[in-house]
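Here is a friendly walk through one protein chain, meant to be read with the structure open beside you. Please have a look at the model first, and then follow along.

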Amino acid sequence: MRIDVVSIFPEYLAPLRLSLLGRAQEDGLLTLAVHDLRDFTFDRHRTVDDTPYGGGAGMVMKPEPWALALEHVLERQAGAHGAADNPRRPVLVVPSPAGTVFTQAMAYELAEEPTLAFACGRYEGIDERVLDWAGERFEVRPVSLGDYVLNGGEVAVMAMVEAVGRLLPGVVGNPESLVEESHSAGLLEYPVYTKPSSWRGLDIPEVLLSGNHGKIASWRLEQQLRRTVARRPELLEGAEAAPFGKGERAVLRELGYEVVDGRLRRVAS
Ligand code: ADE
């Protein structure tokens, strides 16, 4: 996969060269290019912002540097592996608190693309016409990291690139760890323990020492259910019941869920 990020703070993205994603780049599994928006300005001050039409607080990012930067990205991406065979337009993610919320499902979807571009806005945002203009060249996706406001898109891009990058084939050494983690099946992850089995008076759950893999698997699933109900009940509301067997359904009933038309529903209390 090839990823292009446009930002006025390219150094902000430097940590993406470290750790697992750094290795993925060395191994040629991921190409990451970070572009400085100011390189697409021509005035002495390398200006990227101006006052908003209609008044109001703050500054708005000017359209022309964005068009030039995104044209440059398109040129660079045209030669990327798989880009020529892509029947769809390349995806342009625009991080924004006004976007749709980023999820693990979206990370899986984005990981299928041959190229991704990210446009990091700052200040009060990017002139809206840039998104209209880009919409003819890219599939534009405004995406939010969550319901809070950051100073700009860079931190959101770091999170999204890490979440997507680790799903690329070969990036995570043991692909099984991707299957068992939180959100991969719509549930939170079960608790994990390591040696020693007794630590500061706290013992690990007995079942984990039993050697009975079936029992361990059902204990873990039960923990996932209990944790999800306690911490993120909205993940279960309306979820498909099909993956849950008799044992899990009994736990779910105890936790206040019933199955209606094949889907979980919280029983009013
Ligand atoms: N830019 C500012 N806040 C953001 C958020 N919550 N998600 C994505 N990009 C942002």
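This is a predicted model: local features need pLDDT of at least 70, side-chain atom pairs count only at pLDDT 80 or more; totals for chains, interfaces and linings use all residues.

Let us begin on the outside: K246, R253 and E254 are exposed, and they sit on the face of α8 that is turned away from its buried side. Here exposed means over 50% relative accessible area, buried means under 20%, and partly exposed is in between, with a 1.4 Å probe and protein chains only. Residues are numbered from 1 along each chain as its sequence is written, and side-chain values use heavy atoms, with hydrogens and water left out.

Which residues of helix α8 are buried? In this helix, which covers residues 246–254, they are E248, V251 and L252. They lie on the same side of α8 because they cover an arc of only 100° around the axis; the arc is that of the directions from the helix axis to the C-beta atoms. The buried residues of α8 pack against α7 (213–231), β10 (257–260) and β11 (263–266), where contact means heavy atoms within 4.5 Å. Just after α8 comes G256, with a positive phi of about 100°.

## Helix α1

Helix α1 spans residues 19–26, and its buried residues are L21, G22, A24 and Q25. Seen down the axis of α1, these fall within an arc of 160°, so they line one face of the helix. Their packing partners are β2 and α5 (154–165). On the other side of α1, the exposed residues are S19, R23 and E26.

With a relative accessible area of 63%, S19 counts as exposed. Just after α1, G28 takes a positive phi of about 80°.

## T41 in its loop

T41 is found in the loop between β2 (31–36) and β3 (49–50). Is T41 buried or exposed? T41 counts as buried because its relative accessibility is 11%.

The side chain of T41 reaches the backbone oxygen of R38 at 2.7 Å. Leaving out residues up to four places away in sequence, T41 touches R46, T47, V48 and P65.

## Y108 in helix α3

Y108 has its place in helix α3, residues 104–110. At 35% relative accessibility, Y108 counts as partly exposed. Leaving out residues up to four places away in sequence, Y108 touches L167 and L178. From Y108 to G214 there are 106 residues in sequence and 29 Å in space, C-alpha to C-alpha.

Where is the cis peptide bond? This bond joins K195 and P196, with omega at about 5°. P196 has its place in the loop between α6 (176–180) and β8 (198–199).

R200 is found in the loop between β8 and β9 (202–203). R200 has a positive phi of about 50° although it is not a glycine. R200 counts as exposed, with a relative accessible area of 74%.

## The whole chain

The protein chain has eight helices and 11 strands, and its C-alpha atoms fill a box of roughly 70 × 45 × 45 Å, taken along the principal axes. Of its 269 residues, 41% count as buried. Among contacts between residues at least 6 apart in sequence, 71% join residues at least 24 apart.

The accessible surface of the protein chain comes to about 15600 Å², and 52% of this belongs to carbon and sulfur atoms; such areas come from the Shrake-Rupley method with a 1.4 Å probe, and for residues only the protein chains shown count as cover. As for charge, the mean positions of the 29 positive and 39 negative charges are 5 Å apart. Lys and Arg count as positive and Asp and Glu as negative, while His and the chain ends are not counted. Each charge is placed at NZ of Lys, CZ of Arg, CG of Asp or CD of Glu.

How values were computed:
Helices (H or I, at least four residues) and strands (E, at least two) are DSSP runs, numbered from the N terminus. A polar contact is a pair of N or O atoms within 3.5 Å; within protein, one must be able to donate a hydrogen and the other to accept it, and residues adjacent in sequence count only if both atoms are side-chain atoms.
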